[in-house]
Amino acid sequence: MGSKVELFAAIRWDEKQLGLSIRELATKYGVHRRTVRQALACPIPPERKDPARSAPVRESIAHLIDQILKADCLAPPKQRHTARRIWERLIDEHHLSVSYSYVAKYVHWRRGEINAEHAQRTGVVAGFVPQLHEPGKDAEVDFADCYVKLAGTVTKCFLFSFRLSHSGAGVHRVFASQGQEAFLEGHVIAFEAIGGVPTGQIRYDNLRSAVQRVLFGRNRTESARWTAFRSFYAFAAFYCVPGAGGAHEKGGVEGDGGRFRRTHLTPMPVVDSLQELNARLAEADRADLARHIEFRPRTVGEDLAAEQEVLAPLPAEPFDCALELTPRVDRYGRITVRQCRYSVPAYLIGSRVRVRLSASQLEVYDGRRRVAVHARLIGRGGEHLVLDHYLEILKGKPGAMPGSAALATARAEGLFTPDHEAFWARARALHGEPAATKALIEVLLLHRRLSAAQVIAGVRAALAQGTVNPDLVAIEARKAAPPAATTDAAAPAPATAPAAAHHAGDNRPGTPGRLSPGVLITLPARRTGTPAADLPADQ
């Protein structure tokens, strides 16, 4: 187009300045005299006219394809014809010989025209309408799939996304499941992060965590716990229509979840626990407050600060999101919760226990007393066993110890240390397998009363003396207890001093049968030949 405009300009210039005739101009520029006349008549070249070409094949099939495309306007979206399906019907039903590429090109061009004609007839046009959201009123929530390398294993998790519609501020956390406890906990975290509760409505898909049954139109049957949660925080729920149309009704959080996943979860995060990952995501949420949403003059954080002033205040105490269950303990000392198995103390075998299941952990109660705590398992069919829960059983069945699954778990988690292994090996060498295992169990029982560092210190001290006596381990473990820090404010009152002296003995040095201040005589010290004069009389 540009070169022809330049040609027309040159022809007009020569005609005006040099006075050349049409024949001379046509000869000079090597064009037809008709082109010269067009240039002299108008400086803009005329549009090129494509000659109408006959298309006998298209004319023979066009009306058939049009009929199919018009019928598709009234068909369900997922049951409309593709170009290949139209081509197959032309061959099978009408016995036409036509290439697939020819049909595909015509369908691609004609479908848009037919859809536009249908929209004009019905008065409904597909498109989107810009929305204005008042500060502090509306929000959107969604779950999205994500993958995390968790403790060395690629694991499918779920990204909970909460987004305020006015400011665009988001709160994101990753959970092991989309269960109701994770759904509720995500809301509690989001409300605390933004400092309030939206006063309008929050938009949702039809998640099973909230909706038990989808009724006609917008009506839903909600779960009782979800209804109680909404009542506790006093907000309304808006449920989108099922399918792709519902995604457009909460397009803000749909796009925000994808953006956040591409920005902060790509490449795939490598973490030891979901708690570690969620700490990172909390920092990412705070960093995102400095970003600008397209065409907005202020940052997300500045809009959020203005929005927080009109949010509804938080209740004095957060909602208890844990789910309570009452499973029965099987004969292996396990309970089954959400298709995963967890161990409990052996004395509870055959009874029912109360379980509090949250998004990240599982707590087991015997009455009001908490007897076990497990990190929540992610994979279906997982199992987590605690060796301490089986010690009473192993005392009667020491032969089951070497091959027990609970021992394998303790070794994998680093709770059964090389010091325990050394003690067990030394005990086997001295006393044989059953007696050695029983001695080991007595040492493991010390962990219930003493810290792990104390027990390990006791084990090392006993091994250094060449003994595997559990009583000696207990004495040495108590010796390893850190000294209690005392201050004037924390010092015992004078009235309690006599009682302390009664239990500790007279501390006056040189008194027969009494110990000097701060001196503790241990069995290893006595075995190694401490002078008898320094020891109390053996009663």
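Predicted model: local features only at pLDDT ≥ 70, side-chain atom pairs only at ≥ 80, totals over all residues.
With which side chain does the side chain of K250 make a polar contact of 2.6 Å? It is the side chain of E254.

First, the whole protein. The chain has 539 residues, and 37% of them count as buried. It contains 20 helices and 15 strands. The accessible surface is about 31,700 Å², with 54% of that belonging to carbon and sulfur atoms. Now take the contacts between residues at least 6 apart in sequence: 59% of these join residues at least 24 apart.

Back to K250. You'll find K250 in the loop between α9, residues 244-249, and α10, residues 251-264. Is K250 buried or exposed? Its relative accessibility is 0%, so K250 counts as buried; the cut-off for that is under 20%. Besides the contact with E254, the K250 side chain has a polar contact of 3.4 Å with the side chain of D142. Leaving out residues up to four places away in sequence, K250 touches E140, V141, D142, R203, Y204, D205 and C240.

Next, one sheet. Strands of a sheet pair through backbone hydrogen bonds, either parallel or antiparallel. Here, 3 strands form an open sheet, in the order β10-β11-β15, and the pairing is mixed. The edge strands, β10 at 334-337 and β15 at 383-384, each pair on one side only. Strand β11, residues 340-343, runs parallel to β15, and 2 bridges join them. Which residue in β15 is the bridge partner of Y342? That partner is H384.

Notes:
Residues numbered from 1 in each chain as written. Heavy atoms only, no water. Pairing = 2+ DSSP bridges. Helix = DSSP H or I, 4+ residues; strand = E, 2+ residues; numbered from the N terminus. Buried < 20%, exposed > 50% of the residue type's maximum accessible area, 1.4 Å probe, protein only. Contact = heavy atoms within 4.5 Å. Areas by Shrake-Rupley, 256 points an atom, 1.4 Å probe, with all protein chains shown as cover. Polar contact = N/O pair within 3.5 Å; in protein donor to acceptor, adjacent residues only side chain to side chain.
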